[in-house]
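I hope they are handy when you have the coordinates open beside you.

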Protein chains: 2
Amino acid sequence: MPAFTAFGDGYCRPGGEFDNAPIGIFDSGYGGLTVAREIVKALPDESIVYFGDTARCPYGPRSLDEVDGFVQQIGAWLIERGVKIVVIACNTATAAGLTHAQQAFQVPVVGVVEPGARAAVHATTNRHVGVIATKGTIESGAYAGAIRNLDAGITVFSVPTPRFVEIAEQGIRMTEGPIEDFTSLASNVYIRPAFQEIAKEYLEPLRRCEIDTLVLGCTHFPLLKALIGGVVGRDVLLISSAKEAAKDVAEILTRRGKRAEFGHEAAYEFFTTGDDVGEFERFGARVLRMPLGSVSHVDVGSL
Amino acid sequence: MPAFTAFGDGYCRPGGEFDNAPIGIFDSGYGGLTVAREIVKALPDESIVYFGDTARCPYGPRSLDEVDGFVQQIGAWLIERGVKIVVIACNTATAAGLTHAQQAFQVPVVGVVEPGARAAVHATTNRHVGVIATKGTIESGAYAGAIRNLDAGITVFSVPTPRFVEIAEQGIRMTEGPIEDFTSLASNVYIRPAFQEIAKEYLEPLRRCEIDTLVLGCTHFPLLKALIGGVVGRDVLLISSAKEAAKDVAEILTRRGKRAEFGHEAAYEFFTTGDDVGEFERFGARVLRMPLGSVSHVDVGSL
């Protein structure tokens, strides 16, 4: 789809302008590749620079101040590489550093919290919304704040589910090949029992609260979608913040006249602070569901 | 377009459910008909109940507390008529009463401020955003808050432009026939000079602030779009909160599985607290750009 060129309809800037600069995306590791995947699907002409801060992963248990510092470092690094927009593809990092990043950087900075919150507000009918995320994200109150900011009548039930991250990570390591349609992990004989054991403990309270919408407030969780859906039941709509953030990125670039040219050959570059570049390439391909191609190491000390 | 029925993609509730109940829309008078018009365009199968509180118009100079009370009254009246969603098609009333209405009512309540703010955030490239609105809306800080909430790096320049409301009202009265493409007023020999005289005073400071995006933060202002655009220049993108709010209504109904059935024959009903039903019908048709059909009087005392 070409960038819109309709004049003066308030939807986008006139002139049919293009910008082939890459989209910058970062996360503490592989999780943000679920966001990258949605961006690739929504915007196939766009180049991407992906940064996985594997050496300092996970961000979830760290203090918000420390993670805010990481966001500043990595945002600056991406902007130096010429990205036209920065996507914080990590809920913990969004909660910790989005506001500061927006103040510090000249390019637009998009997080995953607000898009996911907005989708949940639009979707709930009984106005009981659940949120599952890391401890850091839940304790920041970012989702509850963003949801109530949009609809003051919604009751938010938040549950930290840190072990889901471990299970998703384990799943990435143990599942050979691309994690297709988010069902591979559900049928994995090692993952399924581990998941079931703790899912009840985590999700049963949410069922009792009669939520009708559940925000997957961690970029790892779309990988567990089939498993989580199996426990909460078909009546609960699962919101993927990854997908919603990708839609926002598309809208921002379109409105600003900053989409890549139609037919532009997208280039994908991946960077990891981890020592094992081969591992990042192998595991990352499972989440992105396509070969990563170029993966390079970046030393944390050089940020 | 039928309601989406895609299963489990997080975009909407499964099952292809429908709801032919009307959409409730209200404003202090005719201004909100710019919102009604965008909703008719976006959702042609939906029935509408429109309430114009003409007897107490304008809301702009009133206290926020008083307007909040009106929102509660009219919202309850609309819900009693069975609407499935309430649209506060008035920026002043949104700023004054949205949060309270969301807490008080069971159906979703949509205002015009947040959708307009979000569109401006997505569209600005130099992050200098202007807002023009009534005194009440500007002084509430609702737009500045909503914009900075989405992008903390944006500078918001707000200017109360109360006389634009008078000019738009005058234009509605003086322009025979539908106000086509918002250009009729621009060519009106009475409106144009009156507008030009005060537009410089209002808009020149915004030009000097080098805004690249201007939110029309009053539902009357889309009627003056061609005139305002002529003064601020082609480089400034004008955001119509009316159009953005209509998009949000469409998304909310779609996500909840509450769209009217495809091909459902939409019924439009109009109510005014003003004594002159014939005048409401005549002037309203100019803003909506179609005959209103059924218009009834509602006594303010009965609310």
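This is a predicted model: local features need pLDDT of at least 70, side-chain atom pairs count only at pLDDT 80 or more; totals for chains, interfaces and linings use all residues.

1. Let me begin with how chain A is divided. Where they touch, domain 1 of chain A contributes 23 residues and domain 2 of chain A contributes 32 residues.

2. Next, the area between those domains. About 2100 Å² is buried between domain 1 of chain A and domain 2 of chain A, and carbon and sulfur atoms account for 56% of it.

3. Four helices of chain A each give two or more residues to the side of domain 1 that touches domain 2: H1 (33–42), H3 (91–104), H11 (241–256) and H12 (277–288). With 5 residues, H12(A) gives the most to that side of domain 1 of chain A. By residue class, the side of domain 1 of chain A that touches domain 2 of chain A has 10 nonpolar, 7 polar and 6 charged residues.

4. One pair in chain A can be compared with its counterpart in numbering in chain B. Arg173(A) and Glu279(A) form a salt bridge, with their closest N and O atoms 3.7 Å apart. In chain B, Arg173(B) forms a salt bridge with Glu279(B), and the closest N and O atoms there are 3.8 Å apart. Since Arg173(B) sits in helix H7 of chain B and Glu279(B) in helix H12 (residues 277–288) of chain B, the pair ties together parts that are 106 residues apart in sequence.

5. Arg173(B) has another partner as well. Arg173(B) forms a salt bridge with Glu169(B), where the closest N and O atoms are 3.9 Å apart. The two residues are 4 residues apart in helix H7 (residues 162–174) of chain B, so about one helical turn separates Arg173(B) from Glu169(B). Are these residues buried, or partly exposed? Arg173(B) counts as partly exposed because its relative accessibility is 41%, whereas Glu169(B) is buried because its relative accessible area is 13%.

6. A further pair within a helix is found in chain B. Arg118(B) and Glu114(B) are joined by a salt bridge between their side chains, at 3.0 Å from N to O. Both residues belong to helix H4 (residues 113–123) of chain B and are 4 residues apart, about one turn of the helix. Arg118(B) has a relative accessible area of 9% and is therefore buried; Glu114(B), at 18%, is buried as well.

7. Now to the contact between the chains. In it, 45 residues of chain B meet 45 residues of chain A. Chain B and chain A bury about 3600 Å² between them, with 42% of that area from carbon and sulfur atoms.

8. How many salt bridges cross the interface of chain B and chain A? The rule finds 2 salt bridges there. Glu244(B) forms a salt bridge with Arg255(A), and their closest N and O atoms are 2.7 Å apart. The count of residue pairs in polar contact between chain B and chain A is 16, both residues being at pLDDT 80 or more.

9. Here is what makes up the side of chain B that touches chain A. At least two residues each come from helix H3 (91–104), H4, helix H6 (142–150), strand E8 (237–240) and helix H11 (241–256) of chain B. H11(B) has the largest share, with 8 residues. The residues on the side of chain B that touches chain A divide into 15 nonpolar, 12 polar and 18 charged.

10. Last, the overall tally. Over all chains, the rule gives 31 salt bridges.

Technical notes
Residues are numbered from 1 along each chain as its sequence is written. Chains are lettered from A and ligands numbered from 1 in the order in which they are written. Side-chain values use heavy atoms; hydrogens and water are left out. A salt bridge is a side-chain nitrogen of Lys or Arg within 4 Å of a carboxyl oxygen of Asp or Glu. Buried means under 20% relative accessible area, exposed over 50%, partly exposed in between (1.4 Å probe, protein chains only). Contact means heavy atoms within 4.5 Å. Buried area is the accessible area (1.4 Å probe) that two parts lose on being put together, summed over both. Ala, Val, Leu, Ile, Met, Phe, Trp, Tyr, Cys and Pro count as nonpolar, Asp, Glu, Lys and Arg as charged, and the others, Gly among them, as polar. A polar contact is a pair of N or O atoms within 3.5 Å; within protein, one must be able to donate a hydrogen and the other to accept it, and residues adjacent in sequence count only if both atoms are side-chain atoms.
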